[in-house]
Structures are given as structure tokens and as C-alpha cells.
Amino acid sequence: MQESWDGGPESDLGGGPGPADEQLVRIETARRAYSAGMALVVTVTGEIDLLTIDRLRAAVAAGFEDLRDGEILVIDLTPVTFMDSRGLQALVDATQAAQQQREPLRIVVDHTRPVVRPIQVTGLDNVLALFNTVEDAVHAPL
Amino acid sequence: MTPAMPPSAHPEDILLPASSPGQTSRGQRFGYRPRLPESHGLLGLALPAEPISISVARAAVRRWLAEWSWPAEQLEDIVLAVNEAVSNAIEHAYLDRPPGMVEIRGAIEATPRAQRRVTVIVRDHGRWRPPPIDDESRRRGIPLMQACMDGVAIGQPDDKPVGTRVVLRSKAVPPGRKQC
């Protein structure tokens, strides 16, 4: 079972992006089944910066809206090639929103430096729920 | 024969002055405008303070340092730091006035013990923005710059009472040859 749609601002949140930010980042949201349960996975490919940050925030907000009971929201950053402080702040805000709404949010980063480096040097590896793979994220106990 | 190390100098001393008023043709305003040949270990560009410019700035810094065989991890740290300084200028410098330019100037310098480092200056001509940080993007951005660099100085340009100047000094890396 898998549905897929683009969770970017052009879906229903307004503020349509120009072609430039679409070239820099691609965000896809898919509902996936794992043996441990269902996950709504927001996969971010490309660069997270001043130009593209609004698309990430919109996709995460849409993910919270579409999350069904029992599902885990996963932000998969493994294909990200650059992330700045705005990306870090978006992850912190999403984590706080998840705590307030009592929704499970997990963030997937592999060992590639573009994502891990800004998270580690700002100490946010202690704040964010980080996993190495989507499967690990879904399997981890709540 | 190309020297492996450019002459040591402070970028403020050797780089050309910032954008001058007459240069408003479309190509100059919206293209990226090298100021001096990069083969001298210098980087110089001026970009309109618009969000689209930030990826152009990153690409220019990457290309410049790759040309000088900068070690990959230190290269990405410099790109991260320059990205933050330029992003802040794009977002905050011209909030209350017509959009202007952001200038990025860099120089490779020799350090003691035959190492090298870069100094990059990011400068705008907009609103002066002192470092005590109250908005969230700059609150995370400045520690990120500091972690990636050996030194970060945020101040007002000496020569004009407008704008913000960020001086980023990288960590020293081993000598390397210019890639031809």
C-alpha cells in the first residue's frame, strides 16, 4: 500500500514556488507500511536553505494534517545535500509541534556530513529524535 | 608556473571596492560578477539581496575552494558559514529600504607553519544589525558560523555608516596545490 503526493506549498497551502526552488529541493510524501506499523514519510532531496525552507515547513505541516491514528511521521533527510540554520530551526519547530500535538515525529539522517554536521555542531543531536534509516525510525518504541 | 600559495594579504586591502552606483545594467546586477581573477587566490562577487542568490553564493565559494584543493570537510564548513552570513544579509539588511547588493570577498592567506586559511568578508549596504540576537534564524545561524570557523566578527564597515560586515576566518589547513 502506497500513496504518494507532493507535500509542497502548491498542494493546498498556497504560496506557489517558482521553478528555482523546485530545482534545488524535491519533497515527496508517501504512506508506507512496515512490519512495525504505518509511517507517513516526508523525503527531502536536495538543498535546504533560505530559498527552499518554506517548502519543507509546508510539507511537514501537511504531514501533520494527513497523519492518521497510529501512524508515525518520518522526515527522511538522507538525500539532503545541504542544510543551513533555517533547516535546523524547522526541525526543532516540528519536534516541538509533535510534542504539543502528541504525535510521533522521527527524523532520519545517515552519516553524510551535509545534514549531520550542522546538527552536531549546534548540539541539536540531543534535541531531535534522530535515526539512521526509516525502518529504524518506525521500529523504535514510542 | 602557478604558485601553490597566493601572497598573504588581508582581503580588505587587496580586493576592489564594493559595488559602485553606476553599475546597474541587467547583466551586472543579476549575474554574478567576478571582481578579480580567482587564480590569484581571491574571490569577489556581488549578488542582489534576493533568496535566489544564496545558492549562487554557495556554488561560487565551492568552486573557488575546490580550485585551490581545499580539504572537503573544511570546504563545506566555509560554505556553511558563508551561507549563513549571506542569508542574514538577504533576509534582514534591506527590510526597510530598496533591495541592494550583498558582496562576498575572499582571500587565501598563508599562516605560520606553512599552512593556509581563508578569510571571507560578507558585506551589505543596508540596515546595521548588531550581533545580540533576537530572531530565531540568526540565533541558530551565528553559533553555526562560529562552530565552522576559527573566527567570526560581525561589525559595521569602517568606511560607511551603513550596512553590516561579517568577517569569517577559517581554520588553517595543510598546503595544497592549485588545480589547473
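Visitor: Across which strands does helix H3 of chain B lie, and how does one read its direction?

Guide: In this predicted model, H3(B), residues 53-67, lies across S1 and S2 of chain B, and it runs at about 170 degrees to S1(B). Helix H4 of chain B, residues 72-93, lies across S2, S3 and S5 of chain B, running at about 10 degrees to S3(B).

Visitor: What is the order of the strands in the sheet of chain B, and which are the edge strands?

Guide: An edge strand is one that pairs on one side only, and here these are S1(B), residues 42-48, and S4(B), residues 151-155. The open sheet has five strands in the order S1-S2-S3-S5-S4, with antiparallel pairing, and its twist averages 15 degrees from one strand to the next.

Visitor: How many bridges join S1(B) to S2(B)?

Guide: Seven bridges join these antiparallel strands, and B:Leu45 has B:Ile104 in S2(B) as its bridge partner.

Visitor: Turning to chain A, which residues of H4(A) are buried, and where do they fall around the helix?

Guide: An α-helix has 3.6 residues a turn, so residues three or four places apart point the same way. In H4(A), the buried residues are A:Val115, A:Pro118 and A:Ile119; seen down the helix axis, the buried residues of H4(A) fall within an arc of 100 degrees, so they line one face.

Visitor: How many residues of each chain are in contact with the other, and which helix of chain A gives the most?

Guide: The contact involves 18 residues of chain A and 21 residues of chain B, and H4(A) gives the most to chain A's side, with five residues. That side divides into nine nonpolar, three polar and six charged residues.

Definitions and conventions:
Residues numbered from 1 in each chain as written. Chains lettered and ligands numbered in written order. Predicted model: local features only at pLDDT ≥ 70, side-chain atom pairs only at ≥ 80, totals over all residues. Contact = placed C-beta atoms within 7 Å. Helix = DSSP H or I, 4+ residues; strand = E, 2+ residues; numbered from the N terminus. Nonpolar A, V, L, I, M, F, W, Y, C, P; charged D, E, K, R; others polar. Buried ≥ 20, exposed ≤ 12 C-beta atoms within 10 Å, placed from the backbone. Arc of directions from axis to C-beta. Pairing = 2+ DSSP bridges. Axes fitted to C-alpha atoms, helices over the stretch in contact; angles between N-to-C directions.
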